[in-house]
Amino acid sequence: ADLEVLRARARAARSAEMLTAQLVVAEQALGEAAQARLLARETLVEIREQRLDGMAAEIAGKLAVGASCPVCGSADHPSPASPAPGAPDEAAEREARREVDDLEVVVEAHAQQVRGLETQRATALAESGDSVENLLVEEEEALARRDRASRVGANVESLAARVDTLLAEQQALVGERDTLLATATRLDTEIAVLTAHMDGL
């Protein structure tokens, strides 16, 4: 029974070691995902700033001949602003926002994995109660105790037979004692009778 408990604890300790290694990898992946999300957020902010700087050109791009300007209200557009080369548009901002959102999901998935591994490792550590090395030493000691018990157990049958013989001998001695006590009592009675007879003589 001790061996089974120790082996279960050793399995839990090995599991804790494996989970610790997995946790290191998961934490690294979480850190990388968080860094990628941070860079994506910075890119999104840059794109928004560039869009704001070029907003006049973006509004001008939506102007139609004869339609009123949404800023000044004029239907005449004599000199509309033109976008700077490589300036991001609304689609580029949407794409950057989508990338940030996707990375948020990835970061959360990694964070959940880390939390799950931490919980599993804490459970395994609680079950093991010690390191694998110490538990293996305890297991060796338990094996030695079991082997000693097996050697002693090999003598149990001969010792049980000896106990039976001694019990039978004890029974016979008790019977003999009872007979001797009865004889002693009878003889005491005879002595008393003879002593009384001698006193009478």
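**Salt bridges and their helices**

Mentor: Asp 102 is partly exposed, because its relative accessible area is 39%, which lies between the 20% and 50% cut-offs. Keep in mind that this is a predicted model.

Now find the partner of Asp 102. Arg 98 forms a salt bridge with Asp 102. The closest N and O atoms of this pair are 3.1 Å apart. Both residues lie in helix 3. They are four residues apart, about one turn of the helix. Arg 98 also counts as partly exposed, at 42% relative accessibility.

Why can such side chains pair? Side chains of opposite charge can pair when their charged atoms come close.

The side chains of Glu 139 and Arg 7 meet in a salt bridge, at 3.1 Å from N to O. Glu 139 belongs to helix 4, residues 132-154. Arg 7 belongs to helix 1. Check how open each one is. Glu 139 has 13% relative accessibility, so Glu 139 counts as buried. Arg 7 has 28%, so Arg 7 counts as partly exposed.

Another pair links helix 1 and helix 4. Arg 9 forms a salt bridge with Glu 138. Their closest N and O atoms are 3.8 Å apart. Arg 9 sits in helix 1 and Glu 138 in helix 4, 129 residues apart. Arg 9 is partly exposed, with a relative accessible area of 22%. Glu 138 is partly exposed too, with 26%.

How many salt bridges are there in the whole structure? A search finds 16.

Now put helix 1 beside helix 3. Helix 1 covers residues 2-53, and helix 3 covers residues 90-128. Their axes come within 7 Å. They cross at roughly 165°. Angles over 145 degrees count as roughly antiparallel, so helix 1 is roughly antiparallel to helix 3. The crossing of the two helices is left-handed. Which classes of residue make up their contact? It has 25 nonpolar, seven polar and 14 charged residues.

Move to helix 1, which crosses helix 3. Finish with Arg 9 in helix 1 and Glu 138 in helix 4.

Terms used. Residues are numbered from 1 along each chain as its sequence is written. This is a predicted model: local features need pLDDT of at least 70, side-chain atom pairs count only at pLDDT 80 or more; totals for chains, interfaces and linings use all residues. Side-chain values use heavy atoms; hydrogens and water are left out. Axes are lines fitted to C-alpha atoms, for helices over the stretch in contact, and angles run from 0 to 180 degrees between N-to-C directions. Angles under 35 degrees count as roughly parallel, over 145 as roughly antiparallel, 65 to 115 as roughly perpendicular and the rest as oblique. A crossing is left-handed if the near helix is turned anticlockwise from the far one by less than a right angle, and right-handed if clockwise. Ala, Val, Leu, Ile, Met, Phe, Trp, Tyr, Cys and Pro count as nonpolar, Asp, Glu, Lys and Arg as charged, and the others, Gly among them, as polar. A salt bridge is a side-chain nitrogen of Lys or Arg within 4 Å of a carboxyl oxygen of Asp or Glu. Buried means under 20% relative accessible area, exposed over 50%, partly exposed in between (1.4 Å probe, protein chains only).
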